[in-house]
Structure formats: C-alpha cells, structure tokens
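Dear colleague,

I am passing on the structure below, together with some notes on what turned up when I went through it. Please read them with the coordinates open beside you.

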Amino acid sequence: MRIIGQLALAGAIASTTLTAASAETLKYAFQGTLNQLDPYTLNETFTLGSHGNVYEGLTRRAPDLTIEPALAERWEIIEPNRWRFYLRKGVKFHNGNDFNADDVVFSAGRVRSEGSDLTSRIDPDVKVEKIDDFTVDFVLPEPNPILHYSWDTWFIMDKEWTEANDAVKVTSASDTTPNYASLHANGTGPFTVVSHEAGVKTVYARYDDWWDTAIHNLDTVEFTPIASDATRIAALLSGDLDMVYPVPVQDIKRVESNEGTRALTGPELRTVFLGFDQRRDELLHSTVKGKNPFKDVRVRKAFYQALNLDAIRDKIMRGLSTPSALMISPFLFSRAGDFERLPYDPKAAKALLVEAGYPDGFGVSLDCPNDRYVNDEAICQTVAAFLARIGIQVDLNAQPKAQYFAKVLASGGYDTSFYLLGWTPASFDSSNVLADLHGCRNDKGTGGPFNLGGYCNPEVDALTARIFAENDPDTRDQLIVDAYRLTLDDVAYIPLHQQGLAWGVSNRVELQQRADNQFHFRWVVKK
Amino acid sequence: MLAFTIRRLLQAIGVMLVVALISFTLFRYVGDPVNQMVGLDTSLEQREALREQLGLNDPVLVQFARFVTRAAQLDFGTSYQFRQPVVDLIGRRLPATLELSLVSALLALLCGIPMGVYTGLNRDSLLSKLFLTISLIGISLPTFFIGILLIFLFSVTLQWLPSFGRGEVVDFGWWSTGLLTISGLKALILPAITLGLFQMTLIMRLVRSEMLEVIRTDYIKFARARGLSQRSIHFRHALKNTLVPVITITGLQLGSIIAFAIITETVFQWPGMGLLFLQSVQNVDIPVMAAYLMLIAFLFVVINLIVDLLYFVVDPRLRVERASH
C-alpha cells in the first residue's frame, strides 16, 4: 500500500511537472463581447455558447446537434402531460456543492423570473415538481413534444450558491450594481471561470472534478473579443491566437493558404430571407399609391423568380452559402428534402408582373442591416440589381443593426415595406418558424411577433396549433410539411440561403464545429 | 492669474453643458438600446417593461435633466450592455488609454523635435529628405491603415511583436500598467507608433518651419556675430523661440491623441476607453457614450487651460505685459 502510495505520489509529481511543462492554453477570439456571466441575462448564441463551457443543462447537444443526456441521465414521458427527468448522481458544482433536484426546481423558477431573457425556455404554466432528490417532473398544461429542445442552453445553477450570494434576482438593466452571478460563475461544466473583464478578456480553467470523461487536453482558455476583422485574422495568422471566428468570406482563402492555419466552413442554422408588407392597404415606402402590390401573390412570386441565388452564392458569398427552399435549415427538419426552390426565371417573373397589372414595374424601398449577417448589404444590392431587370426600382436603405431593428421590429411599428432578415428558431424546431414568422398578427405583434410583413393564412395558424400539441413524430412532421406547402404556395417569404460558418483554426488545434455556431472547448485537443 | 483661471473654469462648465446637450440630442438617432440588450425573440411586453425601467419613455428634456443632475455627482448610471456602473468601466479602461496616449505623445515629441531641428538646419541633406518623405506618409495615410500595415509587417510576417492586446499587466490599486512587463512593453510598440506617427510628423514640420523662420532673424545673426557656438545658437536661442507654437499644438494634440485613440485601439484591440466607446456605439449603450464624451470634453478643456498657463512659463513677454497692466 505504501509503495502504491509512493508510486501515486511520484506519478502525481511527474504529472504536475508534465502539465506545467506542457500546460495547454487555448487562445481564441470572437467579434463580439461576452458581457456578463449570468446565464439568464441574454438569449444570444455567442453568450450562451460561452456559458455552455461553464454551465450545463439537463440536456446537451453533440457536434451534430443531436440531443444527449447531460445533467439528466434519461427522461421519459410518463403521461402525455407529465415528463419525468432522472438526474445524474455525483455531480458537483465548481464550488463543491452537490447537484440535485432542488437546483433544477430553483433554476426553473429563476429562468422564468423577471429580468430573465430566457423566459421562453419553459412555459410559465409548466409546473416543476421534485419527486425525490434525483427525480423531477415537469407537468405541462398541454402536450409539448419539443419541451426539452432548447434546454441545452437552459443552464442549471446552484441554489445554495445563488442564494448565499444574494443573486436570486436576475440583474436587470435598471439595476445600478451587477449582482454576484453576473460577475462570477459556478456551474457543473468542464471549465471554470478564473477571471472575467467584460469586453476585455475572460480566462477559463479546466474543472478537474467534471462528471464526464474529458476529451479535451486544455488547462487554460483565454478569450479576447476582437471586433476588427483585419486584426482578428492577423492575430490568427501571426500565431498569437489558436482560433478566431467568424472569418470574413473574403479572408477564407488567405487563412487557407497561410501555413499553419486552416478555415473550417460549414452551413449555419440561420436562414436569411426577404419579407414583404402584406398587411397594410398601402405600402409605406413605395411608388404605388392606393393599394398594396404585395397583397398579390403574383407580385411576390415575380420577386422570388427574379432572384438568382446561385449567382449570390458564387459572387457575393464566395461559395459559402446554401440556397434554401424553406424558412428553416435542412439540419433542423428531416423532411426538408421534400422541397425545392422555385426556379430562377426572369421572363416568367416579368410575365407575372404584367399579369398583376404592373407592366412597368414600380418602386419600393428595401430595408437591410449592414452589420448583422454575412455580407448583408451586398446581398441587398444584388437583390436590387436583379429586381431592376424586371422593372422594380429598389431604393436600398441599408443601416447598422441598431437603427435597422429599431425601425422594422414591433417597437418601431413595423416600419417597412420590404426587408431582409435572418432567423434561427430558438427551439431548433419548425413550430417556432411557423408561429413567430408566419402566425397572423395584429398591429402590436400579438400572434406572430416577428412576422414583420404581417403574412396571414388562418389555415397555417390552425396547422401550427396542432403541431404544438402533437406528440407523434411522424404525424407531426407531416403536419409541418403541410403547413410549409401552404406558406410556399402563398410565397409568404422569399427564403434566400443559409449563410456559411467560417472559423479560422490553427493547425495546432483539433476541434468540432457545430452548425449553431457555438464553440465548445470540451472537444478541443491541442498538439 | 487666479481670476484668469476662474474665468476659464466657468467657461469650461458652459462648454461641458453644451457637449452634453449635443450628444444627448444625437443619441436619439443611434437606434433603440432595448433591441441590443435582449435576444431577438424577447416578447414585446418584456421590451416595453425594460424601456419603462430605463426611463426611455420619458421626454428627452426630462432624460437630459436627469443625466446632468446625476453627472454633476459623478454618477453616469449603469452600462446597458455590461450592466455595470459606467464610472467603474471607464475607470478600468482609463489607464490603458492614458498610457498609450502619453507614450505616443512622448514618442512624437522626442522624435519630432530633433527631426524638425535637423531638417531645419540641414535642409538639403539626404537624411532630411528621408525624414520629410516619412512625414509625408505619416500625414497622408489614415491611422487604421498604418496600423494594419504595421501588424502585417511586424506580427504576421516577421512575428516580432504581438498583433493585438496589451500583454500582461501589473495592478497598482485601481491603476493597471503594462509598462513593467516585457510582453506589455512589446505590445505597446506598434500601437504607440501608429497613434504617434501623425503627431510626430506634425511636430517635425512645425519645428522645421519655425526653425527656418527663426534662423533668419536678426538676433540669431547677432548671436553668430558674437561668436557663440553653433550648438548654443541652435538649441538655446533658436529652439527655445520655436517652442511656443509647439507647446500649443502638442497640448491640443494630446487631447486629440486621447480622443482619437479610438481607431488605434480598435485596430490593435487595445483595451482602453476608445474601444469601449466603439463597442458602446455598436450596442447603443447610451450611458457609456455620454460619459465618454463628457470625459473627452473635460480633458480638452483641462488641457487647453494647462496650455494657456504654460505660456506664462515659457514666454516672458506675457508675464511682463500682465505685470504692467
């Protein structure tokens, strides 16, 4: 026993010197900042992805986005309205506290409390019941087959820690001091937060007592936000950083051709599309007076067929986009293959316009962000050029996202006639796309808050309601297909493409790129 | 001199109020902060509640009055994006910006003045022509472009210097300095050159033309006639008389170095106030923008005051005139 002890000690010394010698540090940069550490303050991909290295949900997602058990070992639907989650035993938070059912019940309350930006994770009417220390039931007002779809980013917090540090209330913007949880973190995940200076630097360290077997070999991770594209790429090329994202499409070749770095590209989940004001009787920004040309499906179809998406992919997106037939990524809907885009056909488009009574076309202004999506402004310019060929004079109004969203969203009174927007369903499911983008809405946005143009088809709404409650996957998929068919026949929107992801990675590093653009350190291996 | 100082301070308060009013009017056009604070699919009710909490629904004049009252007590509110007190945020970023600006200004002075004297005295030498060519580059190329050129040359190609950031810093209470570590000093070189190049060329050209002017004056000729050494003529008599405009320009330029560090800080991801300001503009973080603009206005006012006071020290004529009144 003593010998073993000594051996173990020697091993421990050897391994400490070994790690000290080869302490692996991953340095990476993203264009945006990590503003605070509270996992419920901001519902935004990068923020949640960062938290996902420190905190964990009941579920998590694999590199291909399939749902895996995490803090819950397994779950079952014991009655249509009652889901039972069996929690993992022996999990410890970073401060050493045990993880149990109380933490889940507590987190379910906090994520739905005032000031949380993630209230959509669990419906307010869902009751959360603790059965025993490691079993929790969720009682739903009506069946919901996708209850847990977005729970990989509903992070479980430690009840004792949060209460002890007086951080139960989520820091809201009007609070004068940030609470403890927005400056510190205590999760169960593979990394702990060592230091965090918002907008400057965040340092993570390996959590040795993580419940899962670590694939990564990192000891420290340093995150720096770098907003300037040129600086970010230069930092990768010079070897100062191991990974940067996003890489602007025009720099992908440069990263590829540089010795020691490579560009990882793939389709992203977000669908970029064009929408029309179909609600007002007269467009706000158009040369047509007294009527709304976009109420005529032939005009919408003409716009659709006038656009050559292959040209946009090749010339504007440098090959890094996937033209889309649906308003959802094929990754997120198994039957997306059933659908095809309408063909590019300027002649047919022109004919449709003539048929609709606009032989000479008309003028309309297109609202477009210029710092939100990949090459958004260039896409809009190209759209304007294609539409000019069928006689539509587009007056392009491209603005920074802050002004753009203030104008076109509900808070700006949906002040747009024709716009470009991108959408990733928060639940990773078609029901969100159908409800938020296609649901009939009133002037305030109730019904379909992000249906900026006010598309409305009661049949689609009826199908959407059934989709929300249908538990059988095949029936549900068929309902979704039916609903999409209706919206496509209506040309409710012009889906353009799924833009590409592009990460710049040093050859010293192996990692996994997820289509939701979240970067998880737990798959990173540094050579 | 005391009356003069007090009068200037009163003017300063007026200037600050005007800056506050102008910036506040501008903020109405930068966009809706609430959109930047929440995720895209946050409900309208929640957005509206947030607007109400932040007081964004109040009339602009009410918001302005509230801002001025609080600012007078040095309370600039809470940053929308970071949810931390603005004073803390700016305080943490201030050392980085000040260090960078002062080093750049020193660099500009220590290189600019000798180069100016040299080119003024040796108008036709090869080195003078080289200096003038370099200064042309410094004046005509935009800062961000110089920064990127330097990064690609010294970081990407030669790999001598880091391409971004501030290196390791040492904390002294609330002040953090990068001047005491090797990596901090290395990280400072490229940004300081980028930021200081324009000022350096400006100072150099200014000193040069002043030198050319002064060298022709009678008292220099007289000094020559007295048989004083060249060195004494050039540096004790000529240079000293070129310094009044140089001090004015340098003083005012120090203000603009701090203010326009925004671009250099962005290119080098230098964690200073300028970078914070730019992040705030993108995220419509009005409290930070307002506080930053006030601080910059304050700096300009203070620097102007100091420059005016320095005249007294450098130019004896001013003292004599004042005394005779």
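**Chain A as a whole**

Chain A contains 15 helices and 19 strands, and it should be kept in mind throughout that this is a predicted model. Along the principal axes, the C-alpha atoms of chain A fill a box of roughly 95 × 55 × 45 Å. The radius of gyration of chain A is 25 Å, which agrees with the value near 24 Å that a compact globule of 527 residues would have. Of those 527 residues, 48% count as buried. Among the contacts in chain A with a separation of 6 or more, 69% are between residues 24 or more positions apart.

**A sheet and the helix across it**

One part of chain A to look at is an open sheet of 4 strands, in the order β4-β5-β7-β6, with antiparallel pairing. Its edges are formed by β4 (72–79) and β6 (127–132) of chain A, each of which pairs on one side only, and neighbouring strands of the sheet are turned by 25° against each other on average, direction ignored. Between β4(A) and β5 (residues 82–87) of chain A there are 6 bridges, and the two strands run antiparallel; within this pairing, Glu76(A) stands opposite Arg84(A) of β5(A). Helix α3 (residues 101–111) of chain A lies across β5, β6 and β7 (135–139) of chain A, and it runs at about 175° to β6(A).

**Single residues in chain A**

Asn43(A) is found in the loop between β1 (25–30) and α2 (45–51) of chain A, and it counts as buried because 21 other C-beta atoms lie within 10 Å. The C-alpha atom of Asn43(A) is separated by 9.9 Å from that of Arg121(A), although the two are 78 residues apart along the chain.

Two further places concern the backbone, and as background, most residues other than glycine have a negative phi, and most peptide bonds are trans. Tyr245(A) and Pro246(A) are joined by a cis peptide bond with an omega of about -5°, and Pro246(A) is in the loop between β11 (243–245) and α7 (252–257) of chain A. Asn517(A), which is not a glycine, has a positive phi near 65°; this residue lies in the loop between β18 (509–510) and β19 (525–526) of chain A, and with 19 C-beta neighbours inside 10 Å it counts as partly exposed.

Gln269(B), by contrast, is buried, with 22 other C-beta atoms within 10 Å. Its place is in the loop between α10 (230–267) and α11 (273–282) of chain B, and it has a positive phi of about 45° although it is not a glycine.

The contact between the chains takes 45 residues from chain A and 42 residues from chain B. On the side of chain A that touches chain B, the elements giving two or more residues are α6 (229–237) and α12 (401–408) of chain A, and α6(A) provides the largest share, 5 residues. By class, that side of chain A has 19 nonpolar, 20 polar and 6 charged residues.

With best regards

Methods. Residues numbered from 1 in each chain as written. Chains lettered and ligands numbered in written order. Predicted model: local features only at pLDDT ≥ 70, side-chain atom pairs only at ≥ 80, totals over all residues. Contact = placed C-beta atoms within 7 Å. Nonpolar A, V, L, I, M, F, W, Y, C, P; charged D, E, K, R; others polar. Rg over C-alpha atoms; globule rule 2.2 N^0.38 Å. Buried ≥ 20, exposed ≤ 12 C-beta atoms within 10 Å, placed from the backbone. Pairing = 2+ DSSP bridges. Axes fitted to C-alpha atoms, helices over the stretch in contact; angles between N-to-C directions.
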